[in-house]
Amino acid sequence: MIEINVSEWEAGQRLDKLLARYMREAPKSFFYKMLRKKNITLNGKKAEGKELLKPGDQLKLFLSDETWAKFGGVSLEKEQEKPLSSAFGAVQLQNRIGCSPWDGTVREMPVLEKGVCPPAVLYQDEHILLLNKPAGMLTQKAVPSDVSLVEYLNAWLLESGSMSQKEMQLVHPAPCNRLDRNTSGLVVAGVSLAGLQTMNRLLASRLVRKYYRCIVCGAMHGSGLLRGYLKKEERTNTVTVSDLPVEGARVIETGYEVLSSNEAFSLLEVHLITGRSHQIRAHLASIGHPVLGDPKYGDAAQNRLALRSHGVHAQLLHAYRLEFPDIDGTLSYLSGKRFCAPQPAIFDVLMQS
């Protein structure tokens, strides 16, 4: 007999979905047959499979070890302590820091790749984790050899003791929003099923308000709302913005407020309303104020000058603030909360120069 106690990480999903996570090779018909015959029970009673699980629910699977192994059953034995260097191949971890209980301190993640600035943990609870991604890092792998934000997230959760190998195998923590490689700032990661489901739903429906900060070329003043039409060219991974509708283009809206300005540059806070590919960079470039350091839509001469004078090697675009709406259910405690990722120091340096 196999016994599974539903954890916070696993709560909020249907019983049949959890069973499929534990036995990935088993067909759905197997679960329903076992449920009908009471070979799988929920809290000692017969179940149908569509029940939503709560923390502390108990499953009993009256299955043989051979059946469990045949369907790829996740090991429920107590995990042995093992260094993360073995868990991540040749990766060597440094800066080992625990995070339980969470005290609100901004913490650096382990260094997984030599010469790469690691992300910082800005906030963590049992359902979500907020990270400050540095410019130059992928949110997710593009090729198998990449070390992306996902690898840092997994290393942090294991190294800090926030999750076990078994929990990670079942839940698969992951970023819920993506930033371009050379855009820095706030990324939300779901670390429980409730966190993943809720954050993905809120972000997909644009209920989370997103604000960016950027340095643009030229002097700007005041605030405004930009409207236009954006068309993506898949072959070149670039976009074009027009004032009038064109075939294949999608409506975009970008709000902005100028925070400070000098003769050369302006610091903007941008409200990303529609959230299309490269929207902020292309929209600002279309009005003659490209983001400094942007290799695709920027001013090449200004970029070269900024590289020589201040070492600017990536677009100065930073996901600065997230504002959560009213949230029902497990993550209701986040309703109305605002989180910020401090803007990179180079922003202040350029605006004071």
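Good morning, colleagues. Let me begin with the ground rules. Residues are numbered from 1 along each chain as its sequence is written, and side-chain values use heavy atoms, with hydrogens and water left out. Because the model is predicted, local features need pLDDT of at least 70 and side-chain atom pairs count only at pLDDT 80 or more, whereas totals for chains, interfaces and linings use all residues.

I turn to the chain as a whole. Its secondary structure comes to ten helices and 15 strands; helices (H or I, at least four residues) and strands (E, at least two) are DSSP runs, numbered from the N terminus. Of the 353 residues in the chain, 49% are buried. Here buried means under 20% relative accessible area, exposed means over 50%, and partly exposed lies in between, with a 1.4 Å probe and protein chains only. Among contacts (heavy atoms within 4.5 Å) between residues at least 6 apart in sequence, 63% join residues at least 24 apart.

Next, the cores. A nonpolar core is a set of buried Ala, Val, Leu, Ile, Met, Phe, Trp, Tyr and Cys residues joined through side-chain atoms within 4.5 Å. The largest has 81 residues, and L61 and M199 have the most contacts inside it. Helix α5, residues 149–159, gives the most to this core, with seven residues. Leaving out residues up to four places away in sequence, L61 touches M1, I2, I4, L19, M23, N39, I40 and W68. Another core, of eleven residues, lies apart from the largest one, and C217, F265, L350 and M351 are among its members.

M199 leads us to helix α7. This helix covers residues 193–204, twelve in number, and reaches 16 Å from its first C-alpha to its last, close to the 16 Å expected at 1.5 Å a residue; the expected span is 1.5 Å times one less than the number of residues. Which residues of α7 are buried? They are L193, A194, G195, L196, T198, M199, L202 and L203. These buried residues pack against α1 (15–22), β6 (128–133), α6 (165–171), β7 (174–175), β8 (184–190) and β9 (209–217). Just after α7, R206 takes a positive phi of about 60 degrees.

Helix α1, one of those partners, contains D16. D16 counts as buried because its relative accessibility is 8%. Apart from neighbours within four places in sequence, D16 is in contact with F31, Y32 and G49. The C-alpha atoms of D16 and E51 are separated by 8.1 Å, although the two are 35 residues apart along the chain.

Helix α8 is the next element. Six of its eight residues are buried, so α8 is largely enclosed by the rest of the structure. The six are Q279, I280, R281, A282, H283 and L284. They pack against β9, β10, β11 (238–242), β12 (250–261), β13 and β14. After α8 comes G288, whose phi is positive, near 90 degrees.

On a 1 Å grid over the protein atoms alone, a cavity is a set of points where a 1.4 Å probe fits but cannot get out, while a pocket is an open set with protein on both sides within 12 Å along at least five of seven lines; lining residues have an atom within 4 Å of a point. Grid points are joined across faces, edges and corners, and a volume is the space filled by probe spheres set on the points.

The largest pocket has a volume of about 1100 Å³. It is lined by 38 residues, of which R178, D180, R276, S277 and H278 are the closest to its centre. At least two lining residues come from each of β9, β10 (223–233), β13 (265–272) and α8 (279–286).

The second largest pocket has a volume of about 390 Å³. Its lining has 25 residues, and P134, A135, S184, P344 and I346 are the closest to its centre. Helix α10 supplies the largest share of this lining, three residues.

Thank you for your attention.
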